[in-house]
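Biologist: Could you take me through this fold and tell me what stands behind each label you use?

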Amino acid sequence: MKPASIQDYRELARRRLPPMFFEYIDGGSYAEVTLRRNLEDFDSIALRQRVMRDMSQIDLGIESLGQKWSMPVGLAPVGMAGMYARRGEAQASRAATAAGIPFCLSTVGVCSVEEVTKASKAPWFQLYMLKDRGYMRALLERAKEAGCPVLVFTVDLPTPGARYRDVKSGFTGASGLSGALNTAWQGATHPEWSWDVMLQGGPHTLGNVQDAIPGGQRVNDFLGWIAKNFDRSVTWKDMEFVREVWDGPIVIKGVLDAEDARDAVKAGAQGLVVSNHGGRQLDAVKSSIEALPRILEAVGTDLEVYMDGGVRSGLDVLKALALGARACFLGRPWAYALGAGGVPMVSRMLGVIRSELNTAMILTGCADIRQAGKALLDR
């Protein structure tokens, strides 16, 4: 099947990946109410079609946090991407660099920040706060030494949300012989993935934090390790600790509430990502796109406001920008594409998003993406 949409990349990933890894990408927490809202609320937004306007020159480029982006789209941090394709984070980073957009490396990626930096240019670096502050200081120093231009401090995962699909697939909750047999069977029934990832894609550890994990715990045990080691005591005061080491821009990711957004401004952040973690944390909260306007009203132009969650097309990107977002970050779309076939598929998927965004701009009469505003929406 030649993929034409993000849904097609999802289907290709479903076929190629063992169920435990596909369900980990695809699923949300609890009853997945928020996961559905992220998609449905985008679908409910209508664009305003305009005609007979000179659309011979279209500009998709933006500038944000000192960087030029070829289009207002970045690749969000996705954990364990190295289990979707061989050394997956490095592959995705190469695709983002070739496309002229930012790639954000997850703290819990399989590839380390040093490996990704060697594969392409230095990524944005996502920070989860561990209880061991000595290790966190060292990790921030590593990201700084690698030349990462932006720190993305994700604040909505003090503990993992309950993800029922992961239990059913055997990704979590299965240990001992039964867990090993389930993993072996899923790999054996997906030989293309096994050859690419299991036989050629090692080591299968969490590259950025493997030294903090006793006994070099492998990735299939990592959710339990997160629950024990991610720091639930973090407050805005901890930004002072981060600033002791990091002197570049800081983006706070995981904000849904206007009061939290104002606190991010007071804490000295340069940006924030309106996000509900793709519907993977607290279920039954607002969609990111619904929360976006209220947060923008609260912070104004005090920092850069991005969003993620539910973005599945270039049309969705234009809708988010029309509501005031500076740019959108894609999570599942690039994970699906990576799982479907590595860096060529990620590059092709980004081409689809660019083409869809270009077409949407032409048909709404928006020649310059920097001018996108509420006039593009049919209310």
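Modeller: Let's start with a cut-off: a residue counts as buried when its relative accessible area is under 20%. This is a predicted model, by the way.

Biologist: Which residues of E6 are buried, and which way do they point?

Modeller: Leu151 and Phe153 point one way from E6, Val152 and Thr154 point the other way, and all of them are buried.

Biologist: What makes you say that E6 pairs with E5?

Modeller: Pairing takes at least two bridges between the strands. Strand E5 (residues 124–127) and strand E6 (residues 151–154) have 3 bridges, in the parallel sense. Phe125 stands opposite Leu151 in E6, and Gln126 stands opposite Val152.

Biologist: And which strand pairs with E6 over 4 bridges?

Modeller: That's strand E7 (residues 250–255), again in the parallel sense. Here Val152 stands opposite Val251 in E7.

Biologist: What kind of unit do E5, H6 and E6 make?

Modeller: A right-handed β-α-β unit, with helix H6 being residues 133–146. The label right-handed is used because, with the strands pointing away from the viewer, the path from the first strand over the helix to the second runs clockwise.

Biologist: What is the order of strands in the sheet?

Modeller: It's an open sheet of 8 strands with parallel pairing, in the order E3-E10-E9-E8-E7-E6-E5-E4.

Biologist: Why do E3 and E4 stand at the edges?

Modeller: E3 and strand E4 (104–105) each have a single partner strand, so one side of each is left without a neighbour in the sheet.

Biologist: What makes both faces of E10 covered?

Modeller: In E10 (residues 327–330), Ala327 and Phe329 on one side are buried, and so are Cys328 and Leu330 on the other. Take Cys328: its relative accessibility is 0%, so Cys328 counts as buried.

Biologist: Why is Cys328 too far from the closest cysteine sulfur for a bond?

Modeller: A disulfide needs the two sulfur atoms within 2.5 Å. The closest cysteine sulfur to that of Cys328 is in Cys366, 13 Å away, so the two are too far apart for a bond.

Biologist: How many disulfides are there in the whole structure?

Modeller: A search of the whole structure finds 0. Cys111 is in no disulfide either, with the nearest cysteine sulfur, that of Cys148, 13 Å away. Cys111 has 0% relative accessibility, so it counts as buried.

Key:
Residues are numbered from 1 along each chain as its sequence is written. This is a predicted model: local features need pLDDT of at least 70, side-chain atom pairs count only at pLDDT 80 or more; totals for chains, interfaces and linings use all residues. Side-chain values use heavy atoms; hydrogens and water are left out. Buried means under 20% relative accessible area, exposed over 50%, partly exposed in between (1.4 Å probe, protein chains only). Helices (H or I, at least four residues) and strands (E, at least two) are DSSP runs, numbered from the N terminus.
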